[in-house]
Amino acid sequence: MRYAFAVALFVTWSGITFGQARRVDDVALRSAAKSSSDGDWLSYGLTPGETRFSPLTQIDASNVKRLGLMWSYEAGEGGGDQEATPLEWNNTIFSVTNWSIVFAVDARTGQQKWRWDPEVNREPTSDKMCCGVVNRGLALYHNKVYVPVNDGRLVALDADTGKPVWETRVCYVQEEQTLTMAPRIAKGKVIVGTAGGDRPTRGFFAAYDADSGRQVWKFYTVPGDPAKGFESEAMRKAAATWEGEWWKLGGGGAVWDGISYDPESELVYVGTGNAEPWPQALRTKDTSTGRDNLYVASIVAVNVDTGVLKWHYQMVPGDEWDYDSVQQMILADLNINGQDGKARSRKVLMQANKNGFFYVLDRITGEFISAQPFSRVTWAKGIDQKTGRPIINTEVKYGKDPTPVSPGGGGAHSWSPMSYNPQTGLVYIPSRGWDTFYYAADYDFKPDPSRVGGSLQTGLKVNTAGMTRKPAGPAIGPEPLPGGNVSTLVAYDPVKQEIRWRVPVGNSRFGGTLSTASGLLFQVAPDGRLIAYSADKGDVLFELRTGLQNGMGPPMTFAIDGKQYIALMGGSGGRPSLGTTNPGAVTSQLKPQLLVFGLDGKAELPNARATPTPTSADPHQ
């Protein structure tokens, strides 16, 4: 859609006005976290390259044990997990909770400045959402807050008052698509993609003018009906990698999480989701050869001004295991040995993929540099280090018989943010060390929009009880940690492609990590703990039970008046988190909270009333 208009929506604000602050523009975003005096957190991943590495050093190994709660804020009623990363600017925290409700609070005290409810039509919207009613965050630019509303609207709010400035339509729930990801800002444009990868949808992402809401360009991730013509040369080339009437089943390629931006090359990097329907047998006549099905399970690099494809790299050609490649993409400069054995600085993109492999690519050309498993893997024997294509295990090509595959649909690493510390050279990945799912194709599958829940739209046979299950294929990658705990925090060396250290705390879909220049690594654990480690060795320096025991989001840090803080969100209001596999997992009855910690904080932590949570079905998004 190519329109934008102002609307009158319900909004409350307290009348508190903002003081003068630096303008959030392209210069501010580009220079984010480059100085120890920069205490703001202006974008989802802190920097355009999504490093989540803060230059702040006040909280360090000598005093981290003094961390305590400064204040808390009740974010909302709940209804899903808290996956958002709060933003901080102008002494104010901006964040979003379930049903896309946005709030601004004083970062020093937690006093509410304003609150805005988009009044989502909840039942029909939640019916079209795969894996819970969630939002992963907001964007800031030119004194506006950009809100991805679950029902498909993109709204710009005035940062001072919370009043709507413009609204545009990205997608419609009637077409099986919703918005859950945090928008990103790149060269005056708001870039966002749509969720819906477990439904018969055609994925895309689009850029909107940040000041007006006008659509600037749109990039589809899979080709449509050839009879209607192709939108671009990229779609024409992609169509040659499909067969049959694929467009009638959508194709997939949803864009529901990872976007990074390199201001120097003016390239926007976007991860794409799984193919739809899942089983390759429903998309091809000959599964022994199959088709690549571009651009599913890929990273695409497009020009920020035009949306024209510069390069692509496909992690899983012909994906049939729900191996979205939408995970966070970190941009960095690494010294990597060339073919002559000499180390050279390379501008790289790094991703810990859902499929269990850690990838390093040249971010300018898309050239494959290296990939190795950081988790247990059975779907592939490895990655061909010359071509970058996976060497797929034939044992995991499934049909009517349930076939075990690792990682499963939950993935070795999903949306839970990782971080990169240039001082240690390590990437810190919240992961699942071993994750297995049984896949079986439903040869009678037909898309049905009336079905509620993503798993019923995938083309899988959901109930495999009593069916003869095939044996597991050979596995590669690190052995799981002792004790059967699949949740693992991995410190990974991207140059050597090896694990430096691991601890049994993590999960691919809850919490996340934050690195700081003081040599600390902060992690929010799925069970609500805030943990600080030494970034080099993984020694636990601090651990605090927040009182929030599920629905946890990632940590961030900011500084005001020379004082550093750590902030996080968590709690679901009593709804169990999907896909929880941690032993003794519980569901807190507490409403979602925003918690802010600082040195010598004395505020009272939330008092959780917990009930046991049964392990729920494996989610896929």
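I begin with the salt bridge between E176 and K128, whose closest N and O atoms are 3.3 Å apart; a salt bridge here is a side-chain nitrogen of Lys or Arg within 4 Å of a carboxyl oxygen of Asp or Glu. This pair links distant parts of the chain, 48 residues apart: E176 is in the loop between strand 11 (164–169) and strand 12 (184–186), and K128 is in the loop between helix 2 (122–127) and strand 8 (139–141). Helices (H or I, at least four residues) and strands (E, at least two) are DSSP runs, numbered from the N terminus. E176 and K128 are both buried, where buried means under 20% relative accessible area, exposed over 50%, and partly exposed in between, with a 1.4 Å probe and protein chains only.

A word on the basis of these values. This is a predicted model, in which local features need pLDDT of at least 70 and side-chain atom pairs count only at pLDDT 80 or more, while totals for chains, interfaces and linings use all residues. Residues are numbered from 1 along each chain as its sequence is written, and side-chain values use heavy atoms, with hydrogens and water left out.

Across the whole structure, the search finds 35 salt bridges. One of them joins R376 to E479, with the closest N and O atoms 3.0 Å apart. R376 lies in the loop between strand 25 and strand 26 (380–383) and E479 in the loop between strand 31 (437–439) and strand 32 (487–493), so this pair ties together parts that are 103 residues apart in sequence. R376 is buried, at a relative accessible area of 11%.

I turn now to strand 6. Why is strand 6 largely enclosed by the rest of the structure? The reason is that 6 of the 6 residues of the strand (residues 101–106) are buried. In a regular strand, side chains alternate between the two faces of the sheet. Here I101, F103 and V105 point one way, V102, A104 and D106 point the other way, and all are buried.

Strand 6 has antiparallel partners on record here: 6 bridges join it to strand 5 (residues 92–97), and 4 bridges join it to strand 7 (residues 112–116). Two strands pair if DSSP finds at least two bridges between them. T97 stands opposite I101, and V102 stands opposite W116. In the hairpin of strand 5 and strand 6, with 3 residues between the strands, W99 takes a positive phi near 65 degrees.
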